[in-house]
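Hi everyone, thanks for coming. Please have the sequence and the model open, and I'll walk you through it.

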Amino acid sequence: MRDQLITAMENAIEEVRQWPKKEVQIFHHNDSDGLSSGAILTRTFERAGYRIKRFCLEKPYPALLQKVYEQDGEIIIFADFAGRIAPMLSNLNQGRNLTLILDHHVAEASTDPRVHNLDPDLYGLKGDRDIAGATTCYLFAHTWNPANKDLAVIAAIGAVGDEFFVDGCLVSENRDVTLEAVAQGKMEIKAQEVGERYYLNTSAGQVPCNEFGAYLDTLGAAGYYQNGPDMGIKVCLEGTTPDSDQMLQELKAVQARAFEQEIQRIKSGGLNKTEHIQWFQVENRFNPMGVKMIGVFCYAIKDSDFIDPKRYVAGYQIIPNEIPGFGPIPIGDVKISMRVSAFMEGKIRSGRAMGLNILLPEATNKLGGFSDACHSLTAATTVAIGKEEALIEEMEKILEVGMRNAEGGK
Ligand SMILES: [Mn+2]
């Protein structure tokens, strides 16, 4: 199956080579895996002589995709997302642009021959186990030109950042890229009681790979609207600098201040409660940080004393109508992030409470919203601004039906 993925990559690379335009548009995610993916692709296309326009996205919003596919004759790349929306991209594209998808999330096949879905999920590899987005990009880079093997260490950073381990160890393709980086003297693996720890050998000494990933995550998320992703890409390719360290410290301070203010607000009556849910709306108060911060904030407060451990936690943040470097985009949506207390986690794990992966997408669908990243204990979706209360009510209805069914089944 891996051979078939490499063959598909070879075919896509050949089409890129034949394509008249020697410029590429790279859209990549803003977490450590997404930034590592963007860095690998940037270097790969640079080396092959292409001009690069790079855009970092928190999500591939439909309104943005509409705009992207108003173009003709371009080379468009998606990294660390979009595997699942290949059919939608195919409909938008209609054979007009050469599109490559280098993702590792659950995927659907493309229906346009000019849309190459190179997501390893379509080739029997598991994105939440075997291969990260950055590792997928590395396979692509290495298939194009074996001289790109020096980028293996960046793939390893992405893989560790996504935290998909088996018994505490990277496995499969993620492990192979890491061993390559070790062979090049750029990393070291140290065995622990359970699993392994991964270290980067930098000019300033050894740095734990997960700490480096957290560094990138902050640049990409808290720094999303302040050139944090550009700095993240630079850090992936060239290492940290006093400038990047300073940006990191400033972003951490902005985050701490915004979170503290919001906590005060919640404590002084800013928390709405329905039967099973407690929720709040931060509007634009987390600007200029990205909308990932609403999830980070919910996680930070979920076990605080001002949070009811028996209710689901939900926070809303308005998505700005702008993509950095791309310009205004009429998104018009609000993001909801949900988390649960340790108490609720126990109930969900034992099947005595409904998981967020069922509750939130179902309610979101009823309101015509957009779901992607939903797991049982963490979930986020988007709905149109103004539907915040309606979404909470939908969830309450779903919970009520769920309870009635559970009782009826006794
Ligand atoms: Mn990823």
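Two notes before that. Residues are numbered from 1 along each chain as its sequence is written. The model is predicted, so local features need pLDDT of at least 70 and side-chain atom pairs count only at pLDDT 80 or more, while totals for chains, interfaces and linings use all residues.

Let's begin with the domains. The protein chain is divided into domain 1 (2-212) and domain 2 (271-408), with bounds that come from an automatic or database domain assignment. Their centres, taken over C-alpha atoms, are separated by 29 Å. How many residues of domain 1 are in contact with domain 2? There are 10, and they meet 11 residues of domain 2; by contact I mean that two C-beta atoms, placed from the backbone, lie within 7 Å. On the domain 1 side, the elements that give two or more residues are β2 (51-57) and α3 (62-68). Helices here are DSSP runs of H or I with at least four residues, strands are E runs of at least two, and both are numbered from the N terminus. The largest share of that side, 4 residues, comes from α3. By class, the side has 7 nonpolar, 1 polar and 2 charged residues. For those classes, Ala, Val, Leu, Ile, Met, Phe, Trp, Tyr, Cys and Pro count as nonpolar, Asp, Glu, Lys and Arg as charged, and the others, Gly among them, as polar.

Now to the inside. The largest nonpolar core has 115 residues, and among those with the most contacts inside it are Ile-40, Ile-77 and Tyr-138. Such a core is a set of buried Ala, Val, Leu, Ile, Met, Phe, Trp, Tyr and Cys residues joined through C-beta atoms within 7 Å. Buried means 20 or more other C-beta atoms within 10 Å of a residue's own, exposed means 12 or fewer, and partly exposed is in between, again with C-beta atoms placed from the backbone. Helix α6 (residues 152-162) gives the largest share of this core, 8 residues. Both domain 1 (2-212) and domain 2 (271-408) give residues to the core, so it lies between them.

Staying with α6, 11 of its 11 residues are buried. Just after this helix, Glu-163 takes a positive phi of about 60°. As for Ile-77, its contacts beyond four places in sequence include Val-24, Phe-27 and Leu-102.

Tyr-138 turns up again in a helix pair. The contact between α5 and α7 is left for you to find on screen, with Thr-135, Tyr-138 and Leu-139 on the α5 side and Glu-173, Asn-174 and Val-177 on the α7 side. Those residues divide into 3 nonpolar, 2 polar and 1 charged.

Last, the backbone. Most residues other than glycine have a negative phi, and most peptide bonds are trans. Asp-80, in the loop between β3 (75-79) and α4 (86-93), has a positive phi near 70°. Is Asp-80 buried or exposed? Asp-80 counts as buried, because 31 C-beta neighbours lie inside 10 Å. Asn-227 also has a positive phi, of about 65°, but Asn-227 is partly exposed, with 15 other C-beta atoms within 10 Å. Finally, a cis peptide bond joins Asn-287 and Pro-288, with omega about 5°. Pro-288 sits in the loop between β10 (277-281) and α11 (293-301).
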